[in-house]
Amino acid sequence: MNTATTSFHVEDLLVQIYKSETEMAQDVAEIVQKYLYKLLQEQETIALLLATGNSQLKFLDALITLGGIDWSKITLFHLDEYLGINADHPASFRYYLRERVEKRVFPKQFYYIEGDALEPVGECDRYTKLLKAQPIDLCLLGVGENGHLAFNDPAVANFEDAASVKLVKLDQVNRQQQVKTGYFPNLESVPQYAFTVTIPMICAAKKIICLAPETRKAKIVKEILHESINTNCPASILRTQPQAVLCLDVNSASLLSS
């Protein structure tokens, strides 16, 4: 059941606003469950591209708790990973997804970006080939406080990127966000470089659901929806994607005009 209190389009992008992050997470979990169940009636396997971060926590828990999905037919990927940290580092996205998803659902396959790969450029090539081996049926996103999607910060985002996976330098707003949300003790401990799936690869997904709750996202949500579409706010590209939905709570939507 759709419990969004408000729904509207900004260009091609559907925006849904919920009373709380909890209601948003539960409703989106039900939407995703039904979508995956229907797909599995039509095709033998599914490919999902997952986000990490605090915006995904309640949603992932709700989705897994719902059940009703044959995860043994689902291949999982993720959007980004820090360069130079291993899979057991508490801030590693591999650690986040292994503990919160893989160990709970036992998917057909989980292809991880190896952040500590000995040849990082080769790792970009390896992951690109894996992503392109099948269509991505669903991409789940969050939005950074600087408007990034995955680790496509404004300075490195490219709406026409020829690459599917690349190495980027993280900007200070992004790195500071990792400290504020509790994943690193201080700015110095946040890696300066990371792997990221690029904007065109994200937009190639058949369905995109972006979760952006919390008051700290209100300013960037307003920019995403009301400013021009450009790489100064990478997430503004979602307004050109008819397969995309941006899900907000009342806090992240608080600066939007009624």
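In which helix is the place of Ile31? Select residues 21-42: this is helix H1, and Ile31 is within it. Helices here are DSSP runs of H or I with at least four residues, strands are E runs of at least two, and both are numbered from the N terminus.

Before continuing, note that this is a predicted model, in which local features need pLDDT of at least 70 and side-chain atom pairs count only at pLDDT 80 or more, while totals for chains, interfaces and linings use all residues. Residues are numbered from 1 along each chain as its sequence is written, and side-chain values use heavy atoms, with hydrogens and water left out.

**Stop 1: from Ile31 to Leu63**

Colour Ile31 by accessibility: its relative accessible area is 31%, so it is partly exposed. The classes are buried under 20% relative accessible area, exposed over 50% and partly exposed in between, computed with a 1.4 Å probe on protein chains only. Next select Leu63, in helix H2. Leu63 has 3% relative accessibility and therefore counts as buried.

**Stop 2: the cavities**

The structure holds 2 cavities of 30 Å³ or more. A cavity is a set of points, on a 1 Å grid over the protein atoms alone, where a 1.4 Å probe fits but cannot get out; lining residues have an atom within 4 Å of a point. Points are joined across faces, edges and corners, and a volume is the space filled by probe spheres set on them.

Select Leu48, Leu50, Leu60, Leu63, Ile64, Trp71, Val101 and Leu140, which line the second largest cavity. Strand S3 (46-50) and helix H2 (57-66) are the elements that give two or more residues to this lining; H2 supplies the largest share, 3 residues. The volume of this second largest cavity is about 40 Å³. Its lining comprises 8 nonpolar residues, no polar and no charged. In this scheme Ala, Val, Leu, Ile, Met, Phe, Trp, Tyr, Cys and Pro are nonpolar, Asp, Glu, Lys and Arg are charged, and the others, Gly among them, are polar.

Now select Thr52, Gly53, Gly142, His148 and Gln177, which lie nearest the centre of the largest cavity among its 21 lining residues. The largest cavity has a volume of about 290 Å³, and its lining has 8 nonpolar, 10 polar and 3 charged residues.

**Stop 3**

Select residues 93-105, helix H3. The buried residues of H3 include Val101, which also lines the second largest cavity. At Glu99, H3 bends by about 40°, the bend being the angle between axes fitted to the seven residues ending there and the seven starting there.

Move to Phe106, in the loop between H3 and strand S6 (109-110). Phe106 is not a glycine, yet it has a positive phi of about 50°. Is Phe106 buried or exposed? With a relative accessible area of 60%, Phe106 is exposed.

**Stop 4: Glu214**

Finally, select Glu214, in the loop between strand S10 (208-211) and helix H7 (218-226). Its phi is near 85°, a positive value in a residue other than glycine. Glu214 counts as partly exposed, at 24% relative accessibility.

Key
On a 1 Å grid over the protein atoms alone, a cavity is a set of points where a 1.4 Å probe fits but cannot get out, and a pocket is an open set with protein on both sides within 12 Å along at least five of seven lines; lining residues have an atom within 4 Å of a point. The expected span of a helix is 1.5 Å times one less than its number of residues.
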